[in-house]
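Good morning, and thank you for coming.

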Amino acid sequence: MPIFIDRRLNPKDRSLANRQRFLRRARDELKQNVRDEIRSRRIAEVDAEHTVPIPKRGTSEPNFDEARNSGRRERVLVGNKQFAEGDLIPKRAQGGFGSPAPGDTPSEDDFRFVLSREEFLDLFFEDLELPDLVKLSLKEIVAFKSRRAGFAQSGAPTNINVGRTMRNSYGRRIALRRPKREDVEAVEQELASLRAVPPSHNTLQRIIALSEELERLKRRQKKIAYVDPVDIRFNRFEPQPLPNASAVMFCLMDVSGSMGEREKDLAKRFFVLLHLFLQRRYERTEIVFIRHTHEAHEVDEETFFYSTQSGGTVVSTALEEMHRIIAKRYPVSEWNIYAAQASDGDNFVSDSERCIALLDGELMRLCQYFAYIEIIDERESEIFGATENGTSLWQAYSNVASQWSNFQMSRIAKAADIYPVFRKLFTKQPTVGKST
Amino acid sequence: MPASKARLLFSGSDWDFRKLSQVYEAIEEVAVEELQLDVYPTQLEIISSEQMLDAYASVGMPLMYRHWSFGKHFLYQELLYRKGGRGLAYELVINSNPCIVYLMEENTMALQALVTAHAALGHNHFFKNNHLFRQWTDAAMILSYLDFAKDYIARCEERHGLAAVEEILDAAHALKEQGVFRYQRPPKLSSEQQRKEVRERLEYEERSYNDLWRTLPNSRESSEDQNQAERKKKLNLPEENLLYFLEKNSPALEPWQREIIRIVRVIAQYFYPQRQTQVMNEGCATFVHYTLMNMLFDRGRISEGALLEMLSNHSNVVFQPGFDDPRFSGINPYALGLDLMQDIKRIVTEPTQEDRDWFPDIAGSGDWRRVLLDAWADHRDESFIRQFLSPALIRKWRFFLLADCADEPNYKVASIHNERGYEKIRSALAHSYEVGANRPDIQVVDVDLLGDRHLRLQHKVKNGVLLEDKSRDDTLRHVKRLWGYEVSLASVDAGTGATIADRATSQIAS
C-alpha cells in the first residue's frame, strides 16, 4: 500500500525566493531596461504589465567547457540511409547534427518574462529615493469596499440571508409535504375531544386511527427538517474599488531648444511620479500635455516628449492654454486638477509678472496642487542649491509659493531631487474631496 | 479470487485516490510475481503543473536551498512551457527511501497507471538494486540532508548576508562538474576514526625511530624533487575532486564557507550515478511499464481504450528521429534503453546464429528475467552498451560513426552498420556514455602551502580538445575566489605530456 500525499494545496510560489534573488542579481540590467521602457512608454501605462528580456550579464553560470572548434571527436548517430564507410560530409557553417535549423528554436530575445507591477515599481523607484512609506502607498492599488452581489450557498454565519433561507425552506417543505403545525394540532385536538367522552366502539376505532395518524405526522415532521442546510443562503459581497472622483493632470513643459535629452528624461520621471500618485487616489485620471515655446499648444504625448520646436520662451502662454482647457473641458465641480510644470527657468522678464498674475488670479484657486520643477545642470546645483536668487521665473514663482500652500517648487539636477517636490502631496493624506 | 482478478481496474479517464491505490497494488503484484522486481516503499504525491515547474527549477528535488540560478532556470522552463515548446514530464521520481514519485494532477487515469508502473516500479527497482546507487548514494538520508542543507544555507544568509553566501555558491556551482569523485570512493571516515589513524601512525614512527638515519648523507640535487613529492603525498595530490580539495585545504575559507562547498559537493555526488545510468534507468523503467501494462491487459485488468492511450504515450516517449530529421536532438535514452532490453529478451528466448556467436553466455538460455535483473544490478550505461549492444540492434537503428576533426572541412563516416563496423560502433557508443571521460579532466597537481600558495591545476587534453576560453577564465576566477591566492591551469596533452597552454588568474582581468 503506497503512501499518498496530495501536494496540490501546498503553498504556491515555492520558487519565489529564488526569483527574487535572480532579480536582485540582474538588478542593474533590469533597471536600465526599465529606464529605457519608461522613456518609450506613455505616462499612463508606465505601471502596466511589463516584460523584459531575461538578463544575461552577470547571470551566466560558467564551468570548464570544451571548445567546440578544437580537437578530434567521434560521434555515433542514428538513421543512416545512404552513407558508406569513408564518405565525406561537408560541415555546415553553423552547428552540426542535432542542432536544429535556425528559426526552429526561439531566439534569445524571445526569452522575455513578465515583471509584476510591484517588481517594476521597485526598480523604477530605486533612484528616486522615495521614503519607504511612500513607496508602499504608491504600490498599493485602489482601496476596496465590499458591495452586495447576490447570494451564495456558503459563507459566514453572520451573512445568512434569513428571508431567502426561509423562502427556500418553505418551498422545500411544500414540495416534500411536511405536515403543517396546524394539521398536527387539529389531529391532537380531535384526539383530545374524543378521549374526553366515554369510549364506544366507534370512538375507539377512531382514536386508534387518529393516534396512528398523529404518530405518522410527527415522524414525518421530524424527518423533514424545518430548515435544512440546503435552504441556507448567504449574502454575497464583492470587493469593488472605492468610487473616487476623477482627476486631470496637466503636464506643462518648455520645449525650446535649451531642453535637451537629459532634461526631458528628468521631466518625464517627474510626470510619471505624479501620475502614479493620482492613479492611486482617483478612479479616473486624464492627462493633458501642453508644450510651449513662445506660444503654447495642447499636444499628444508623443509630440510632447519627442518633437522639438524652435522659438522663444513665454511661459504665460502655457498657463493661459491650461486655463482655457480647464474652462472648456474640466469643470472644477467634477475634476480634481493637478498641474506639473517642468522648465529650465528661461522666460521673458516681463512675462514672469504675467505668470504671477495668472496663477494668483485664477489658476491656483482651481488647482489642487501645482508642482514646478526647474531642471538645472548638475554643476549649477551647488551654486543655486539653497539661495533664493535665480532665473526670473524662479523668483516669480517664489512669490506664488509663499502665498499658496498648494504650490510646490524645486530645482532638480538629478532623479533623487524629484521626490522633495511632492513631499507635501505624500505626507498629508486628505480625504478625497472637492477643493472649493 | 479469480472473479475479481478479471475485473477492470478502472474505466474512464478521471482518477481518484482509491483508484490510484488499487492500480498501484495490482501493478505491484504483477511486477513482483512476473518480473521479480524489488522496490523501496513508495510515496506517491500529486502535484499541479506549477509545482512541477518548481521541481524542475530546483533540479528535481522536493527541497533545495535558495539560489538565483534556480530562479533563472524556472523562468526558462516556464517560458518553454507557456510557449508550448515543451510539455512537462508526467512524473518525477526521486531516489530516496521511501521512493517519492510525483504525479501530475492533469494526467488521466490511464496515464497515472502508466506513470506508476514506470516510476514507482521501474525507476524504483533500478534505484534500489543498481550497484552504483547502492554504493554511492544513500537513499535513506538524501531528504534529511537536503533539509539540513536548506536550513544551513538559510542560516548562513541570515548571519553573513545574501551576497556573501551567493558568492560562495556561485563559485561552488561553477566547479560542480569537478566536484565528484569519479573513480575513488568518497572518503567516509568519521573524525574519530581519522584521529585514531593519525595517532597510530605517530606511534609507529616513534617505534621505528632510529637515530642512524639522520647520519646518512643527504643527496642535495634531489631534495627539491623530494620536497615536492612529499608535499604532494601529504595533500593526496593529484586530486580530481576540486571542490573536495578546496573545502579541505583552502587557506582563505571560513568554516561555514567550507560547509557550503561541502553541501554543493555532496549533492553533485548524489546525482553522479544518475548521470552514468541514464539509458539504463530510463530503459529499465520503460521496459517495466511496457511489459506490465501488456500483462495487465492480458489479464483483463485494463481496457483496450486505456491500453491504446498508454501505447500512444509510450510511443511518443520512445520516438527516435533520424540524424537528418529536424527533430533530432541526440539519441533518446528511453528508446535506446528499451530497445536494448527488449533485444536481450529476444536473444535469450529466440536467438539467431549471429546472436549465439556474439552472446554465447546468454543466447538461448531462456530465463530473460534473470539476465535483465542481473544487468540492471551490475551495469552502468557504458558497460551495459559495451556488453549488450547486438549487431541486430545496430542494424535496426542504422547507427553510424562520424569522425569530426576540427581542422578539416568535412566529417568522415568512419563506420557503418556492417560486419567491420559493429565492434567500432559499439565501442564508440559505449564510450560516449562514459560520463567521466567526456568531461574535461582537470586535477589539482601541486600547491606549496608554506610558500606562495600558488594553486596549480592541470587539464589533461585528450584528442586535442581544448577548453573554451571565456568560460575557462570565468571559472578560474571562481576558483581563485575559493582559494584566495593565485591559481593557474596548465593544459597538458594526455599522450605526449607536452604543455599546450598555461593560464593563470593574474592574466585574467577581474
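Leaving aside residues up to four places away in sequence, B:Ile27 touches B:Ala113, B:Thr116, B:Ala117, B:Leu121, B:Leu292 and B:Leu296. Please bear in mind throughout that what we are viewing is a predicted model.

As general background, nonpolar side chains in soluble globular proteins tend to be buried together.

Let me now step back to chain B as a whole. Its secondary structure comes to 23 helices and 9 strands. The C-alpha trace of chain B spans about 90 × 60 × 55 Å along its principal axes. Of the 510 residues in chain B, 41% count as buried. If we take the contacts in chain B between residues at least 6 apart in sequence, 71% of them join residues at least 24 apart.

The domain assignment divides chain B as follows: domain 1 covers 2-130 + 277-311, domain 2 covers 331-436, and domain 3 covers 440-507. Between domain 2 and domain 3 of chain B, the C-alpha centres lie 37 Å apart.

Several individual positions in chain B deserve a moment. The peptide bond that joins B:Asn97 and B:Pro98 is cis, with omega about 0°. B:Pro98 is found in the loop between strand E2 (91-94) and strand E3 (99-104) of chain B.

Further along, in the loop between E3 and H5 of chain B, we come to B:Glu106. Is B:Glu106 buried or exposed? B:Glu106 is exposed, because 11 other C-beta atoms lie within 10 Å, and a residue counts as exposed at 12 or fewer. From B:Glu106 to B:Ile416 there are 310 residues in sequence and 44 Å in space, C-alpha to C-alpha.

B:Arg398 has phi near 50°, a positive value in a residue other than glycine. B:Arg398 sits in the loop between helix H20 (391-397) and strand E4 (400-405) of chain B. With 16 other C-beta atoms within 10 Å, B:Arg398 is partly exposed. The second residue is B:Asn463, where phi is near 55°, again a positive value in a residue other than glycine. The loop that holds B:Asn463 runs between strand E7 (455-461) and helix H23 (469-483) of chain B. B:Asn463 is partly exposed, with 14 other C-beta atoms within 10 Å.

We turn next to chain A and its sheet. Here 6 strands form an open sheet of mixed pairing, in the order E10-E9-E8-E11-E12-E13. Why is one side of strand E10 (296-299) and of strand E13 (407-412) left without a neighbour in the sheet? Both stand at the edges, each with a single partner strand, so one side of each has no neighbour there. From one strand to the next, the twist averages 20°.

Within this sheet, strand E11 (residues 335-343) and strand E12 (residues 369-375) of chain A run parallel and are joined by 6 bridges. A:Gln341 stands opposite A:Tyr372 in E12(A). Helix H8 (residues 261-281) of chain A packs on the sheet, touching strand E8 (246-254), strand E9 (284-292), E11, E12 and E13, and its direction makes about 165° with that of E11(A). Helix H13 (residues 392-403) of chain A also packs on the sheet; H13 touches E11, E12 and E13, and its direction makes about 150° with that of E13(A).

Finally, we reach the contact between the two chains. How many residues does each chain bring? Chain A gives 56 residues and chain B gives 82. On the side of chain A that touches chain B, strand E1 (3-6), helix H1 (16-25), strand E3 (72-77) and strand E4 (88-90) of chain A each supply at least two residues. The residues of that side divide into 25 nonpolar, 12 polar and 19 charged.

Strands also pair across the two chains: E3(A) and E4(B) run in the antiparallel sense over 6 bridges. There, A:Leu77 stands opposite B:Phe400 in E4(B). Thank you for your attention.

Technical notes
Residues are numbered from 1 along each chain as its sequence is written. Chains are lettered from A and ligands numbered from 1 in the order in which they are written. This is a predicted model: local features need pLDDT of at least 70, side-chain atom pairs count only at pLDDT 80 or more; totals for chains, interfaces and linings use all residues. Domain bounds come from an automatic or database domain assignment. Helices (H or I, at least four residues) and strands (E, at least two) are DSSP runs, numbered from the N terminus. A residue is buried if 20 or more other C-beta atoms lie within 10 Å of its own, exposed if 12 or fewer, and partly exposed in between; C-beta atoms are placed from the backbone. Two residues are in contact if their C-beta atoms, placed from the backbone, lie within 7 Å. Ala, Val, Leu, Ile, Met, Phe, Trp, Tyr, Cys and Pro count as nonpolar, Asp, Glu, Lys and Arg as charged, and the others, Gly among them, as polar. Two strands pair if DSSP finds at least two bridges between them. Axes are lines fitted to C-alpha atoms, for helices over the stretch in contact, and angles run from 0 to 180 degrees between N-to-C directions.
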